[in-house]
Amino acid sequence: MSETTATSKELLARPVLKSAISKAARRLMPMLVILYVVSFLDRTNVGFAEAALGADKGVSAAAFALGAGIFFIGYAIFEIPSNLLLKKVGAKIWLARIAITWGIVSACFAFVQGETSFVILRFLLGVTEAGLFPGVIMYLAEWFPNKVRVQMFAIFYLAQPFSQMIGNPLSGWLINIGDQVPGLRGWQVMFFVEGMLAVLAGIAAFFFLINGPEKAKFLSREEKYALKEVMALEDNIKDEHGPRGILAAMRNGRVWYFTVIYFCLQIAVYGVTFFLPQQVSSLTGQKVGLAVGLLIAVPWFFGIFACYFIGKAANTVAKRRKFGTILFISTGLCIFGSAWAGTNHQPVLGMIFITLAVCSFLAVGPVVWSYPTAFLAGSAAAAGIGLINSLGNLGGFVAPILRTAVNEATQSPTGSMGVYALGVLPFVAAAMMFATRRFKNKADDLLD
């Protein structure tokens, strides 16, 4: 056993460090989850307005797909600059700024007049939200040791199922209520109210988030020292064996490797999420509204348990590789299954396959992020994590366009061929996750 590994294990076993990690998790994680809840809600609530935007404002299926995807172009362009600014000014200010500005843009969707304004606002939403997710990933990597980091990532990822469990019924309810308001449409009320929730979350983040353990008044002096000591040990190994600086990170082969994996993941996530209201509506024969919103909450409810318990269990390199490979395979198979169920008019089987797909892609996300945060630190982390998330998130741009294009090319009456197309790329990611057994990373000694 190396001296570094022994030192790390001694540090991680200290009660004072465990106390510091527990206190930091209780203070920081609820606020970060709330930020991501409203973020994910404002990204995906557009699915509830698809039919209404077409009927009321003439937004075609092609324009809707472009608008749903162009969010990620703005997101990708400003991702790395946003991450570098977060590193400079601190998470407290920058994450709050992100939430407030994207909330304002999201509320402006209530005033969409046609295809042009819809597409422009989707682009601006990506610009204003750029940096939130990778900023939080980098923030957590500065607060929590690698051994518990996947668990913290998994708690953060719980925002996705929470946002869908709460947000889908909320969106359906706001549409139903809004349709009863004279002079307004339900989708306008939905966009405005949910945008204002993001503004309120941003204001709260300014008061709850702390820029590093040394400024945390809720930690004792001993707890601050223990946490900073183990994080310094990890950072020293990253600096010694990982890329140094912005350009080195952007040229690093492993950074690009995980960018491809994350791209495949996002194809699955957003390919399912954007069209989930319409897919469930088609399966059940019900109009998009409160009832469909409640049904959509079911997969996300089960996703909470999958995400949390797999994240907690994935505390070694071998387990992370095994879980990652299996979960990507499961994602692809279940997307195929949901397409088959839709074609064959099997609503119960369709909901089961959708639920398993959601559980799989939710649980695999924290596992994927454990790899780059194990070898990136400082400005290299800001650039590398930003690059992986920005280019990987272009899967969210490709997914709706790919699905629509395949359906139109095959003239699929049920839209199942487009769903089949989305299910292919998770298998590519599974093969790449399995191949990570060839990677040698000095920081892995701190886990195993």
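Tutor: Contact here means heavy atoms within 4.5 Å. The model is a predicted one. Start with helix H2, residues 15-44, and helix H6, residues 115-129. Their axes come within 11 Å and cross at roughly 160°. Angles over 145 degrees count as roughly antiparallel, and H2 and H6 are therefore roughly antiparallel to each other. The crossing of H2 past H6 is left-handed. Which residues meet? H2 brings Ser39, Asp42 and Arg43, and H6 brings Arg122, Leu125 and Glu129. Sorted by class, this contact has four charged residues, one polar and one nonpolar.

Now glutamate 223. It sits in helix H11, residues 221-241. The side chain of glutamate 223 makes a polar contact of 2.5 Å with the side chain of serine 19. Setting aside neighbours within four places in sequence, glutamate 223 is in contact with Val16, Ser19, Ala20, Lys23 and Phe218.

Last, phenylalanine 191. Helix H10, residues 186-208, holds it. Phenylalanine 191 has 2% relative accessibility, so it counts as buried. Asparagine 45 is 146 residues away along the chain, yet the C-alpha atoms of phenylalanine 191 and asparagine 45 are separated by 7.8 Å.

Technical notes: Residues numbered from 1 in each chain as written. Predicted model: local features only at pLDDT ≥ 70, side-chain atom pairs only at ≥ 80, totals over all residues. Heavy atoms only, no water. Helix = DSSP H or I, 4+ residues; strand = E, 2+ residues; numbered from the N terminus. Polar contact = N/O pair within 3.5 Å; in protein donor to acceptor, adjacent residues only side chain to side chain. Axes fitted to C-alpha atoms, helices over the stretch in contact; angles between N-to-C directions. Parallel < 35°, antiparallel > 145°, perpendicular 65-115°, else oblique. Left-handed = near helix turned anticlockwise from the far one by under 90°. Nonpolar A, V, L, I, M, F, W, Y, C, P; charged D, E, K, R; others polar. Buried < 20%, exposed > 50% of the residue type's maximum accessible area, 1.4 Å probe, protein only.
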